[in-house]
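Please look over the sequence and the model shown here before reading on.

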Amino acid sequence: MTISPLPWLPLPATFDQVARVVGRGFEQGARAAAGEDLAAMHRAAAAGARAAAWVRRLAGRQAAAAHGRALEQTARALARASSQDVVRGEGRLDEQEYCTLAGTAVLGAGNADGPPDLHPGERTALLAACALTVAMPATAPDRRSAELPLLADELAGTVATGERAGAARAARRAAADGGRLALGADDHDPRARRAHRGLTERAFYVFELDLAHQGGHDEDARRRALTTALAPVGRGAAAAALLRVADDPALGLDGDQRHHLTRLAADLDPRTTRDLTGRTRT
């Protein structure tokens with residue numbers, strides 16, 4: 001006798017069961033796509049943050065305060081254009097931010113005397129970074145997971161190129177100026193000349209004040225006044241040396257290490273640090 005296999009066959013699924021299975025598949029696919037989009041936006045935001053940090057370093061070395069402020073504005077626009085809310089479409093760049101990212105960054109402030117202090121390699125990298133970042137909000141929703149990582153990788157490479165260009169220029173300057181302190185009356189850097197003049201004026205003021213306080217001008221009084229006057233000069237020279245170490249590309253210091261040395265210099269002599277860096281202590 002032959003036994004029919006039909007009792008062991010699965011019963012046909014109902015339409016509701018099929019709908020639930022298909023629905024779960026769509027839901028899982030949607031979650032996976034959303035996760036890929038989120039990861040891509042995180043990657044874009046990280047690349048934008050690195051670009052903004054690099055531009056802030058460019059702003060910090062500008063002798064003209066107006067150029068420093070213009071580059072700070074560029075850094076803020078880079079960070080915002082690559083942020084998740086703008087890329088997702090929940091926020092929008094305003095007209096000023098678009099102008100900043102459209103190439104005006106390399107021109108700096110219009111009321112300054114001359115363009116910003118940028119090496120040609122840095123200038124080209126800055127233009128490319130602006131173009132890549134402003135393209136991030138233009139990615140279509142169904143293409144974000146594919147296009148944003150590409151833009152983020154290109155942006156990271158562009159920033160690295162700009163950093164190498166700046167380091168190469170600093171290395172050439174260090175080689176040319178290696179025989180003298182980064183703080184001298186004959187320095188070609190206007191910030192170094194300003195710092196040197198400030199230290200000289202302070203030393204002279206302290207010398208005259210101490211001499212008047214002693215009420216005499218004999219050799220011992222002048223020696224004591226000179227010793228007192230040398231104190232601010234010594235602190236200023238030590239601050240200048242720390243800042244030079246912080247800016248030496250041959251040492252390969254990271255941002256945190258450079259910031260730590262800058263803070264030490266500011267603790268030694270805030271005025272000299274401000275004169276040499278063009279910004280106050282943060």
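In which helix is the place of Ala 231? Ala 231 lies in helix H8, where helices are DSSP runs of H or I with at least four residues, numbered from the N terminus.

## Basis of the model

This is a predicted model, in which local features need pLDDT of at least 70 and side-chain atom pairs count only at pLDDT 80 or more, while totals for chains, interfaces and linings use all residues. Residues are numbered from 1 along each chain as its sequence is written, and side-chain values use heavy atoms, with hydrogens and water left out.

## Helix H8

Helix H8 covers residues 219-246, and its 28 residues should span 40 Å at 1.5 Å a residue, which agrees with the 40 Å between its end C-alpha atoms; the expected span is 1.5 Å times one less than the number of residues. At Ala 231 the helix bends by about 25°, the bend being the angle between axes fitted to the seven residues ending there and the seven starting there. A proline, Pro 232, follows within four residues.

Ala 231 counts as partly exposed because its relative accessibility is 34% (buried means under 20% relative accessible area, exposed over 50%, partly exposed in between, with a 1.4 Å probe and protein chains only). Buried residues of H8 include Ala 221, Pro 232, Gly 236 and Leu 243, and what covers the buried residues of H8 includes helices H7 (190-214), H9 (255-268) and H10 (270-277), with contact meaning heavy atoms within 4.5 Å.

## Cysteines

The structure holds 0 disulfides, a disulfide being a pair of cysteine sulfur atoms within 2.5 Å. Cys 130 is buried, with a relative accessible area of 1%, whereas Cys 99 counts as partly exposed at 35% relative accessibility.

Terms used:
Helices (H or I, at least four residues) and strands (E, at least two) are DSSP runs, numbered from the N terminus.
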